[in-house]
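Me: Please go through the following structure by question and answer, beginning with the terms required.

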Amino acid sequence: MADRKVYMDYNATTPLHPEVQKSLIDNFAYFGNPSSMHEPGRAARHLIEESRVEIARFIGASPEEIVFVGSGSEANNTVLNLAKCGGPLCRGLSPNNREIVTTSIEHPCVLDTSRCFQRQGSTAHFIKVDRYGKVDIQELEDSINDSTAIVSVMFANNEIGTIQNLKEIAAMVRNKKALFHTDAVQALGKVPFNVKDLDVDYLSLSAHKIYGPKGIGALYIRKGAPFCPFIHGGHQETGRRAGTENSFGIYGFGKAVEVLSREMDENNQRIRGLRDKLKAGIIESIPDIHLNGHPEDVVPNTLNVSFMGAEGEAILLYMDLAGIFVSTGSACASGSLDPSHVLLATGLDAEYAHGSIRFSLGRENTEEDVDYVLQQLPPIIERIRKMSTVYQGGKK
Amino acid sequence: MSQDWVYSDILKEHFMNPKNILEDEAAFKADGKGSVGNIKCGDQMMVVIKVENDVIKDCKWKTYGCASAIASTSMLSEVVKGMKLDEAYKVSPKDIAVKLGGLPENKVHCSVLGDKALRAAIDDYFKRSSQEHRIQEEAAIIICQCMNVTDKDIEAAVKDGARSYEELQYETKLGTVCGQCKDKAEDLLHQYTHLYGE
């Protein structure tokens, strides 16, 4: 086992920020049910509302526009569920609005939910992207019609990091009088944004991508936007999400956002520098690669590279043995026969998609980490290529 | 803090130190060569053998694939050295999986490729040495009882370009009566597409 450990999979999840960890430990004492009227209940309620204010302030929303949910996936499911809900007693959408318009590079929690609706008789449109992962805005516009319930376009992509022209898309959707949702799970903490400035109706967030705890997400719901709960039951979250609050998760989420508001810009600048150094180093030392994602409109921490003739799971596991932790879009790693749907949607050949590695950096990474990766990676790729049926010195 | 891999220690060892990688094909002067797999699906294997007195004297390989593809081809190349051709012909994916200390369910198709590549190499040797009569067709298994369609028929249909269940039905008429064979047929379609698909 390698002595040096380099974690470069921050888009998968992040370690807790030390300040978040400390505050969580301190706050574990506040066990009360936030719905209880007595003192322990009130103490928990107070901390939850503080977190809500913190998150609302950070994204430019009002606290009452923030609903805590179990994950980013739940936030996304909750919004898409509006396309299925409806009827005279529902605060949701008209029963005539049953279509979902989304993109081909969304997270599986949006894609699979949309496909599930299709199987139930609804219509879903999956808009194509260009080779950099940018959504075809014209096709998006043309797909919106009177039956559209929700238009959902992710802010920043988890695999390739491409950032969409969200403001332009939101304005177009507003103009077409449809409702607009964005999955901002990967954008939070990496791209500064303000929900009022973006003019979106719904926006999904998650804590564990920003050095907060797992199992807690949030949904921004613009005041006045149609809404119907996804989980029915108690009156928690003003009737918008039943189930006793994950109070510890919420405390940690609030703290993570508070830390973000202080450290985000400086961290991103430093992380961007490291990412660019890694990118330049790989380009210089390894031939026959393909850079995935947009060259400029990309989150500062993400670098997705395909290595021709080398399969991703093999690369990932040789890197694991060297103490470097990354992810791949290869099919082998997912247990299916198809490689990353995101890379295929950008028009990348399947063989390049199988050989893709995502480096996603974070606040703990250092110059030495990047040097270590640049020292370990080239021989790993060379070794795999030597035993490859596909790679013969740069030619297929 | 070393947590267990999804793979066994034996497999991990073969992945870390693969045996018998083919480095110089021209210098090896193979007596038989077989290639199977499909890069689009993420696995491709090539096996070359040297044969003397009907015994595999040497076996080398190249593979494009995941850790278990690399390790299972490495293991196969070790196992078949010194084996009589007839014996090597019968090496099954399961034999390799057992030697490797087990494989995750979804990875079994990787070692399936290793034995098929070997069989293709042996067949190639039979062809080159004018022993075509020794090339064996595997016994066919009936998949669709109603229409009497075998796995070989499905394999042939996939080789001819069938890629969806519907195309398979059109080609072979399987599953057009009671429909009970659908799952089995789709599994095979998947497997053969992996082997022959583009």
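Reply: A residue is called buried if 20 or more other C-beta atoms lie within 10 Å of its own. The model discussed here is predicted.

Me: What percentage of the residues of chain A count as buried?

Reply: The cut-off is 20 or more other C-beta atoms within 10 Å. Applied to the 396 residues of chain A, this criterion gives a buried share of 53%.

Me: Which radius of gyration does chain A have, and why does it agree with a compact globule?

Reply: A compact globule with 396 residues would have a radius of gyration near 21 Å. The C-alpha atoms of chain A fill a box of roughly 65 × 50 × 35 Å along the principal axes. Chain A agrees with the globule value because its own radius of gyration is 22 Å.

Me: How many helices and strands does chain A have?

Reply: Among contacts in chain A with a separation of 6 or more, 71% join residues 24 or more positions apart. The secondary structure of chain A comprises 14 helices and 13 strands.

Me: Which elements give two or more residues to the side of chain B that touches chain A?

Reply: The contact takes 21 residues from chain A and 21 residues from chain B. On the chain B side, 12 are nonpolar, seven polar and two charged. The elements giving two or more residues to this side are α1 (9-16), β2 (43-52), β3 (55-64) and α3 (67-80) of chain B.

Me: How far apart do the C-alpha centres of domain 1 and domain 2 of chain B lie?

Reply: The domain assignment of chain B gives domain 1 as 9-134 and domain 2 as 142-196. The distance between their C-alpha centres is 27 Å.

Key
Residues numbered from 1 in each chain as written. Chains lettered and ligands numbered in written order. Predicted model: local features only at pLDDT ≥ 70, side-chain atom pairs only at ≥ 80, totals over all residues. Helix = DSSP H or I, 4+ residues; strand = E, 2+ residues; numbered from the N terminus. Rg over C-alpha atoms; globule rule 2.2 N^0.38 Å. Buried ≥ 20, exposed ≤ 12 C-beta atoms within 10 Å, placed from the backbone. Contact = placed C-beta atoms within 7 Å. Nonpolar A, V, L, I, M, F, W, Y, C, P; charged D, E, K, R; others polar. Domains from an automatic or database assignment.
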